[in-house]
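Welcome, and thanks for taking a look at this one with us. Below is a short briefing on strands, rings and charges, meant to be read alongside the coordinates.

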Protein chains: 2
Amino acid sequence: MDEFTLIEKYFRPLTEGRAEALNLQDDAAVLGVPPGHELVVSSDVLVAGTHFLADEKPEFIAHRALRTNLSDIAAMGADPYAYQMTIAFDKKPNEAWLKAFTSALRADQKEFKIFCSGGDTTMAKGKLTISITTFGIARRDKAVKRSGAKPGDALILTGFVGDAMIGLKILQKKLKIKSPAAIDAYRKPVPRVGVSHIIARYAHAAIDISDGLIAEAQHLSNASGCAVDINLESIKFSKTAETLLRSKKATVEELLTGGDDYELLLAVSQANVPALLKDLKGHDLKPQVIGAFTEGKPEARVLEKGRKITLKKSGFTHF
Amino acid sequence: MDEFTLIEKYFRPLTEGRAEALNLQDDAAVLGVPPGHELVVSSDVLVAGTHFLADEKPEFIAHRALRTNLSDIAAMGADPYAYQMTIAFDKKPNEAWLKAFTSALRADQKEFKIFCSGGDTTMAKGKLTISITTFGIARRDKAVKRSGAKPGDALILTGFVGDAMIGLKILQKKLKIKSPAAIDAYRKPVPRVGVSHIIARYAHAAIDISDGLIAEAQHLSNASGCAVDINLESIKFSKTAETLLRSKKATVEELLTGGDDYELLLAVSQANVPALLKDLKGHDLKPQVIGAFTEGKPEARVLEKGRKITLKKSGFTHF
């Protein structure tokens, strides 16, 4: 199979016949942005063995690649639109691999209402490397940034934290428990693009917690120029996480710094919290108020019974 | 040096302080498209040892990565705007490498009037892999596509063909001649974005010749649904290429199929050829009319004294 057959058979269907992709026949796509709107653009690169398990199944590579990137679009309060994808294959992919990979992408495209507008593929004896640039549409000047949190704002987490870390440990056989939900949290995270419009309506600032809750709260705090307090007692964990905590198979530190979760942290004025929580109902989220922004120099403080505690690790980078 | 220092010191300056990049502080950039315009988007992935020499100097990796991608924007008749870049480093880059790489990018940014709007970096023991997604701005419905060539249109090449292939062979020590111009054609190709507006005004179709002149003419022909004749006698080569042809150190086939050149092929109505050539004057190009589109099934025919000849190879793919 040559490059043209590969594109024809597996990648062209990802365009969903959208005019913008020009049938992958040109060297570029042509995207339109409605009047009064802006294009939100985010890029991620994923390398086998670093961002997904080296022997991961193609469908889960696809899910992670696309969904983690869409999470950034959600954090900006933008509606997903399209994506460009480049793939450097480490070896000639077989048809079964390609079929599973692109089928998973199409399923996600349908779920999140996006299409592939273009990209590039090559083969080089390195590691399978996937780079995705996702596009979202936001109303002009309404994209939600990290920098808008104000002292007094509530800190809201859209779901559970720590489950992806548990899922990864199960897959790595470092944890011998059963939890399909935790495995899904790692392998098939749900980007919160379904509530982008609600985030755009209420959030002063937002970020996903892919590098760990504490590290990401710190990012919000730095960008906004104020401190943020996280109340440990306020955080509800999933049943799986609770069980691990009770049996000492996991620590709170691990859960809050583990990363790979794609829930969002939002800064919302206290007055708007009830309306936000009401609007989020019916969206299959478990939002929780876990802290508040306060006057003071940028710092993410973890409080236990009102007293600051120190965690061993604040987050991680892939560098 | 951690990831944040890397971004702060080397990548943030690439944003040129543009508001769209949000100071690389967010997970996304926010791009604006002027009313009545569209965003032209093109992606390329380059892997060490495949798309550039494994031991290539950082400045030339930067030049090739950005310029080859900008060439696609030029072929669409769009004005360059911004780019996203992801880099998977194969090893921790040293500061000298980073400085040379980003300095070369900034020089090109200045030359081609673009800025870096965002991206992602990671480190994984594979091969240095750079993926760039470039944005251009075109007037609505005026982006130039491959599919617009009409029978009767002249086929115009914006410069010389084959020089990049010669440059690569010199660098690989397969050719023992001196030609800084040929080496530059490979290492530091000039994307024709400086004449994008002229291309948008006159060209029915356009493509760059990165995969070889014959293969790309074939692409134009396929997309436009008509044949194209290339008159061998009409093609002027550079002095270096002519010398190699005369001394039998290169063949016409090699020059026409070698690839890595970033001149453009344009389809322009015969009536507009004089005006196009006049407008291109003063832009440091050497445009030449090398053939014409004709009625008939899609095919790129090479004619010598009016008779069709067969080349051994039509182009190459990286797959």
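A charge sits over a ring if NZ of Lys or CZ of Arg is within 6 Å of the ring centre and within 35 degrees of the ring normal. By that rule, Arg64(B) lies over the face of Tyr186(B), 4.3 Å from the ring centre. Please keep in mind that this is a predicted model, where local features need pLDDT of at least 70, side-chain atom pairs count only at pLDDT 80 or more, and totals for chains, interfaces and linings use all residues. Residues are numbered from 1 along each chain as its sequence is written, chains are lettered from A and ligands numbered from 1 in the order in which they are written, and side-chain values use heavy atoms, leaving out hydrogens and water.

**Charge over a ring**

- In chain A, the charged end of Arg64(A) sits over the ring of Tyr186(A), 4.3 Å from its centre.

**Aromatic pairs**

- Rings of Phe, Tyr and Trp (its six-membered ring) pair if their centres lie within 6.5 Å; planes under 30 degrees apart count as stacked, over 60 as edge-to-face and the rest as tilted.
- Searching the whole structure gives seven aromatic pairs over all chains.
- Trp97(A) and Phe101(A) are stacked, because their ring centres are 4.8 Å apart and their planes stand at 20°.
- These two residues, Trp97(A) and Phe101(A), are four apart in helix H3 (residues 95–112) of chain A, so about one helical turn separates them. Helices (H or I, at least four residues) and strands (E, at least two) are DSSP runs, numbered from the N terminus.
- Trp97(A) and Phe101(A) are both buried, meaning under 20% relative accessible area, with exposed over 50% and partly exposed in between (1.4 Å probe, protein chains only).
- Ring pairs join Phe89(A), Trp97(A) and Phe101(A) in a cluster.
- In chain B, Phe89(B) is buried at 2% relative accessibility, and Trp97(B) is buried at 18%.

**The sheet in chain A**

- Seven strands make an open sheet with mixed pairing, in the order S7-S9-S6-S10-S8-S11-S12 (chain A); two strands pair if DSSP finds at least two bridges between them.
- Strands S7 (205–208) and S12 (307–309) of chain A are at the edges with a single partner strand each, so one side of each has no neighbour in the sheet.
- S7(A) and strand S9 (residues 264–268) of chain A run antiparallel and are joined by four bridges.
- Ala206(A) stands opposite Leu266(A) in S9(A).
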